[in-house]
Amino acid sequence: LGLPRPTDFVLNGGSRLYAASWKGGQYRYGGEQIGYIARLTYPGAKPSQVPDIKGASDARLVELVASDNQVHRRYAQHELVRRGPTEERIAQLEKRVLGAGSPAGRVSALFTLKQLAGAGSHPVLVKAAADASLREFALRALADRREELANVPKGLFLQALGDANPRVQLQAITGLKRLGAVDAAGALLPLTASADPVVPHVAIDALVSLGASEAALGVLTSANASPAVTTGALRVLQQL
């Protein structure tokens, strides 16, 4: 933008961007004319209209949940959750999650479905996890609430540890930690040597939370463990 000292920006319901600049700001009082807010619009484009959320039908709200405008998506999510679950609302959201459309809209519908249906959403979330564009979000939603972990398929998370996408791996690690899957420690340990900058930290944290001392000690006495995994195991034991 060429904006001096930008501090924040936000999108509004009319698809306008507002960017804040701290131009002229300093560590001492510099007068009244410090900083400004710039409104950014695309030349010739008409601003989108903020929809009537409160007066919208359920079908219209589900449509807005998949809007290209993130602000509209969030407003529609809030209104659907406020109205509460019905069979029709749940069915419409399920169709949106598993149907065609932009990943952003489907993810928005996915989390709205989880909010409304709770554990009842899990069969659809398991199906959604088969889609690479939804997998990390489906895993997160499945393990999101500790009081709704009964019958969550642990195998789905174990399989996701080997996913090529590190974001999927992160959700798999966190899910197994929340599921209390101590028996998954052996599968988690190799990820302590991941080249990703975040995955090893989260994997070690999960192993510590699971109290996986036996699995970590087993790495130290193994002739096949790589130096990187051995280092990861030592970090787990150090924290334990």
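# Close-up views of a predicted model

**Figure 1. Overview of the chain.** The chain holds twelve helices and three strands. Its radius of gyration is 23 Å, well over the 18 Å that the globule rule gives for 240 residues, so the chain is more spread out than a compact globule. The model shown here is predicted. Along the principal axes, the C-alpha atoms fill a box of roughly 65 × 60 × 30 Å. Of the 240 residues, 40% are buried. Among contacts with a separation of 6 or more, 49% are between residues 24 or more positions apart. The accessible surface of the chain is about 13,500 Å², and carbon and sulfur atoms account for 53% of that area.

**Figure 2. The largest nonpolar core.** This core has 57 residues, and the members that touch the most others are Val97, Phe157 and Ile173. The most residues in this core come from helix α10 (residues 199–209), which gives seven. In soluble globular proteins, nonpolar side chains tend to be buried together. Which residues does Ile173 touch, not counting those up to four places away in sequence? The partners of Ile173 are Leu161, Leu188, Leu191, Val199, Val202, Ala203 and Ala206.

**Figure 3. Helix α6 and the helices around its buried residues.** Helix α6 covers residues 135–142 and is mostly covered, with six of its eight residues buried. The buried residues of α6 are Arg135, Glu136, Ala138, Leu139, Ala141 and Leu142. These buried residues pack against four helices: α4 (103–117), α5 (122–128), α7 (154–160) and α8 (166–178).

Figure 4. The side chains of Glu136 and Arg167 form a salt bridge, with an N to O distance of 2.8 Å. Glu136 belongs to helix α6 and Arg167 to helix α8, so this pair ties together parts that are 31 residues apart in sequence. Are the two partners buried or exposed? Glu136 counts as buried, at 12% relative accessibility, whereas Arg167 counts as partly exposed, at 48%. Elsewhere in the chain, salt bridges that share partners join Lys54, Asp58, Glu79, Arg82, Arg83 and Arg89 into one network.

Figure 5. Glu79 is in helix α2 (residues 70–83), while Lys54 is in the loop between β3 (36–40) and α1 (58–65), so the pair ties together parts that are 25 residues apart in sequence. With 2% relative accessibility, Glu79 counts as buried. Lys54 has a relative accessible area of 59% and is exposed.

Figure 6. The side chains of Arg89 and Asp58 meet in a salt bridge, with N to O at 2.7 Å. This pair links distant parts of the chain, since Arg89 is in helix α3 (residues 87–98) and Asp58 is in helix α1, 31 residues apart. Arg89 is buried, with a relative accessible area of 12%. Asp58 also counts as buried, at 16% relative accessibility.

**Figure 7. A nonpolar patch on the surface.** Phe9, Leu11 and Leu17 make a nonpolar surface patch of about 270 Å². Phe9 is placed in strand β1 (residues 6–11). Is Phe9 buried or exposed? Phe9 counts as exposed because its relative accessibility is 61%, and the cut-off for exposed is over 50%.

**Figure 8. Two loop residues with positive phi.** Ser15 is found in the loop between β1 and β2 (17–21). Phi of Ser15 is near 65 degrees, a positive value in a residue other than glycine. The relative accessible area of Ser15 is 41%, so Ser15 is partly exposed. Asn151 is found in the loop between α6 and α7. Although Asn151 is not a glycine, Asn151 has a positive phi of about 70 degrees. The relative accessible area of Asn151 is 80%, so this residue is exposed.

How values were computed
Residues are numbered from 1 along each chain as its sequence is written. Side-chain values use heavy atoms; hydrogens and water are left out. Buried means under 20% relative accessible area, exposed over 50%, partly exposed in between (1.4 Å probe, protein chains only). Contact means heavy atoms within 4.5 Å. Patches are made of residues with over 30% relative accessible area and no salt bridge: like charges are joined within 9 Å, nonpolar side chains (Val, Leu, Ile, Met, Phe, Trp, Tyr) within 5 Å. Accessible areas come from the Shrake-Rupley method with a 1.4 Å probe; for residues, only the protein chains shown count as cover. A salt bridge is a side-chain nitrogen of Lys or Arg within 4 Å of a carboxyl oxygen of Asp or Glu. The radius of gyration is taken over C-alpha atoms; the globule rule is 2.2 Å times the number of residues to the power 0.38. A nonpolar core is a set of buried Ala, Val, Leu, Ile, Met, Phe, Trp, Tyr and Cys residues joined through side-chain atoms within 4.5 Å.
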